[in-house]
Protein chains: 2
Amino acid sequence: MQIFSNVEFSAQGQQLLARDVAPDAVHFGDPEQFGAADHAALLRSEVAFGSCPAEVLEQAAGLRWLQLDSVGCDPYLRLDWPRLSTRLTVTNLRGFFSVPVAETGIAGVLALIRAIDRLIELRQVREWRAVDLRSRLRTLHGARALVVGYGGIGHALASRLAAFGSHVETYGTPASGAGLTTLAELDGALPRADIAFLALPGTPATAGLFGASRLSLLKQTAILVNLGRGGLVDEDALVQLLDQGRLAGAVIDVTQTEPLAADSPLWSTPNVILTQHTAGGSSAEIDGKTDVFLVNLKRYRMGLPLDSVVDWAKGY
Amino acid sequence: MQIFSNVEFSAQGQQLLARDVAPDAVHFGDPEQFGAADHAALLRSEVAFGSCPAEVLEQAAGLRWLQLDSVGCDPYLRLDWPRLSTRLTVTNLRGFFSVPVAETGIAGVLALIRAIDRLIELRQVREWRAVDLRSRLRTLHGARALVVGYGGIGHALASRLAAFGSHVETYGTPASGAGLTTLAELDGALPRADIAFLALPGTPATAGLFGASRLSLLKQTAILVNLGRGGLVDEDALVQLLDQGRLAGAVIDVTQTEPLAADSPLWSTPNVILTQHTAGGSSAEIDGKTDVFLVNLKRYRMGLPLDSVVDWAKGY
């Protein structure tokens, strides 16, 4: 069995893999760039771990299983899955990033409401402004938090916010257990939210969901947090609301273009915490991803159902 | 009954006070500076709300009750309380700041471990460094948190950290319900802590508790958070550990001198979040303090025991 990987393996992960399969059966590609050697290796592989250009999946006739190293699978949505899924199963890292993403989301909000952003700038200029700042600080305690998207990240956010004493409302599919399940209910909840956390997947149904009109349902004192996909939000409309003081702040992990263009206004829009799509990161990330693959590889070799199979009808 | 206050009252608070007592019975002093008029007014008052130079309390023979607008009462510790407490009861704002202080403490730690401090600096220079940053990020999930001081702040910290999935240990008095109650147990716990939160009151027993030798029990990857009093920590020793990379970071709300001296190394020591004693702040602070005073004033006038009486034997 030939295996393709363009995910970084720890030394320990490579040892664990070598214990299960012959080392020469594995092609290790460049995580940063998918080159010709990677292309050739993928075409002769049965199993792949990582990512590749979407069209290569159609060419790789012998590929039976692709373990993505992400949760999002939006780059592959345009393929002909009714046909392709008869020979290829795709699994993702569902739930893998939920905890670190929720932590960065809450870190960003706390940085804004407890003025950590301002205090960092004040330290740079050695200025003591305690008295001015104190009365402007807000708390998660008693705040109305709206969690939009009630999957792994949404659940991780909701339980933490509840411990802070926030009033939490959730929006998601009926199957997710969210309290709000229709767009009308979502739009009813947005005007009362102090903080709206977006944690939806990137699908045709969610693209542009937060356009100018929905964004302006948020109140002037509200904070928007985007932990899902850049495409959920109309960035120009968001920047305008922030520039005009019609929104109090934003925590932006994902943007429409990544890396962010050098001339993007998000570099300088007021009251923005820009986390550069780092929210899923942690020192445990490399080993953790490898572990997920190795566990699923064992299931694959034993003929067991794989964990976290992507449902292409839903798109996640 | 004459009342002295040098705490800022909201318009609503002043109305509520006027409903209970004659408006001309209240002297409103300057919150920033205790002047001669304040001195004279305090000497003829039965009730005071705010703070004053310690020696004035000894002169104010008619004063029966002082409601402090702080939790800390360290400036008054040196007075002769066995004698003074026979005529004067002091109450403080015990518990009042616990929630905002805990939020700033967690905000500061999350800023360090999720690199919000670094991301704010990167936005200033429009630099995208997502890949470098991701693998250096840490999580509260799975971290060992040691909460030193198990009063209101300690409890608020512990419940929130537990929701993040941290392993929480607590140190405090036997009556507090803390798991660790002796200095030997504290010193045993420090080397295994990923984050140590100091939330002890400033008393003779806690002054200098975290000197050079106790600080160096912390591991190189640990973060120290001081939310108690500046005097708990040897600042020079702390700065040295941080400068030498023998401690990963610090969140400092309280310092030995406030405002911090312009030449303090804490303005530039690496990996420090300096929150300028704002942790207790919130937009609800002014109204909230007034509410505590007005509730206690009602109890005082009805002859009921006051809330949050300072125990001078303990010093808090």
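Biologist: In which sense do strand 9 and strand 10 of chain B pair?

Modeller: This is a predicted model. Asn226(B) has Ile252(B) of strand 10 as its bridge partner. Over four bridges, the sense of pairing is parallel.

Biologist: Which residue of strand 11 of chain B is the bridge partner of Val251(B)?

Modeller: Strand 10 of chain B also runs parallel to strand 11 of chain B, and three bridges join them. For Val251(B), the partner in strand 11 is Ile273(B).

Biologist: Are the residues of strand 10 of chain B buried or exposed?

Modeller: In a regular strand, side chains alternate between the two faces of the sheet. Here Gly249(B) and Val251(B) point one way, and Ala250(B) and Ile252(B) point the other way. On both sides, all of them are buried.

Biologist: Which helix of chain B supplies the largest share of the side that touches chain A?

Modeller: The contact involves 48 residues of chain B and 48 residues of chain A. Several elements of chain B supply at least two residues each, among them helix 6 (116–124), helix 8 (152–163) and helix 12 (285–301). The largest share, nine residues, comes from helix 5.

How values were computed. Residues are numbered from 1 along each chain as its sequence is written. Chains are lettered from A and ligands numbered from 1 in the order in which they are written. This is a predicted model: local features need pLDDT of at least 70, side-chain atom pairs count only at pLDDT 80 or more; totals for chains, interfaces and linings use all residues. Two residues are in contact if their C-beta atoms, placed from the backbone, lie within 7 Å. A residue is buried if 20 or more other C-beta atoms lie within 10 Å of its own, exposed if 12 or fewer, and partly exposed in between; C-beta atoms are placed from the backbone. Two strands pair if DSSP finds at least two bridges between them.
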